[in-house]
Amino acid sequence: RLWRILAENALERLDFQVAERAFVKCSDYQGIQFVKRLQVLDDKPKQRAEVASYFKRFNEAEVIYRDIDRRDLAIDLRMRLGDWFKVVQLLQSGGGGDDILLQRAWHEIGDYYYERHKWSNAIQYYQQAKAYDRLAECYYIEEDYTALEELSHSLPENVPLLITIGEKFVTVGLCEMAVTAFLKGGDVNAAIECCVHLNQWDQAVQLAEQHNFPAIEALLGKYATHLLEKDKILHA
């Protein structure tokens with residue numbers, strides 16, 4: 001215990017020779033490696049910041065990095081801690097910078113709220129991160145189908161997410177929205193199957209005719225059977 005106190009005290013004084021000897025006496029391999037890393041740093045402020053981090057005084061470490069105009073090291077520290085709120089704060093305080101990193105931070109914060117089932121908070125950050133797959137999931141959970149439809153309209157054609165959105169609409173019986181998403185996603189077959197599943201046979205047949213659906217005869221056969229089952233023999 002005394003050797004550990006000596007090692008920690010030596011670290012605070014940046015006396016690496018004493019700190020390393022004390023860590024050896026403690027059989028503290030991680031402490032020994034930490035001292036070696038400190039010795040290769042090129043200036044004392046960085047060493048002090050790393051020592052502050054070692055003792056979990058993270059705010060102090062951040063202040064040191066900012067004082068020596070090394071916002072990048074402060075950001076790296078907060079990323080290692082998973083403190084994405086602070087990462088955003090640091091990125092924005094610098095008057096711009098790494099847009100890709102900022103987008104990642106928004107996404108991480110969105111995940112933070114998503115994991116805690118705080119959907120509306122998650123949506124706010126996923127929007128800024130342009131995390132459209134996560135947005136779709138949150139809108140669906142929140143039953144905000146208008147927002148989900150608007151998201152599908154904003155996506156480019158033939159992206160896989162459109163098919164996923166279409167499938168979500170099918171589960172809640174929103175046939176028109178589903179068909180629009182499937183068609184924009186380039187899956188005519190899914191659009192037709194959606195209409196059949198939701199008993200929108202007229203629309204299914206219309207889509208099959210418009211898009212030269214190869215299995216239209218089989219579809220018409222199913223439609224006739226459906227009409228017969230509904231006692232609509234005259235229409236069959």
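**View 1. Phe182 and the residues it touches.** Leaving aside residues up to four places away in sequence, Phe182 touches Ile163, Gly166, Glu167, Val170, Asp187, Ala190, Ala191 and Cys194; a contact here is heavy atoms within 4.5 Å. This is a predicted model, where local features need pLDDT of at least 70 and side-chain atom pairs count only at pLDDT 80 or more, while totals for chains, interfaces and linings use all residues. Residues are numbered from 1 along each chain as its sequence is written, and side-chain values use heavy atoms, with hydrogens and water left out.

**View 2. The largest nonpolar core and another one apart from it.** Phe182 shows up again here: together with Ile165, Phe182 touches the most other members of the 57-residue largest nonpolar core. Helix H8 (residues 99–115) gives this core its largest share, 7 residues. Another core, of 14 residues, lies apart from it and includes Leu14, Phe16, Ala19 and Val35. A nonpolar core means buried Ala, Val, Leu, Ile, Met, Phe, Trp, Tyr and Cys residues joined through side-chain atoms within 4.5 Å. Buried is under 20% relative accessible area, exposed is over 50%, and partly exposed is in between (1.4 Å probe, protein chains only).

**View 3. Helix H1 and its buried side.** H1 runs over residues 2–12, with Ala7, Ala10 and Leu11 buried. They sit on the same side of H1 because they cover an arc of only 105° around the axis, taken from the directions from the helix axis to the C-beta atoms. Packed against these buried residues are helices H2 (16–26), H3 (29–40) and H4 (44–54). Just after H1, Leu14 has a positive phi of about 60°. Helices are DSSP runs (H or I, at least four residues), as are strands (E, at least two), numbered from the N terminus; the protein has 16 helices and 0 strands.

View 4. In H9 (residues 119–129), the buried residues are Trp119, Ala122, Ile123, Tyr125, Tyr126 and Ala129. Their cover includes H7 (84–93), H8 and H10 (132–141).

**View 5. One face of helix H10.** Leu135, Ala136, Cys138 and Tyr139 are the buried residues of H10. Down the helix axis they fall within an arc of 165°, so they line one face of H10. That buried set packs against H8, H9, H11 (145–154) and H12 (160–171).
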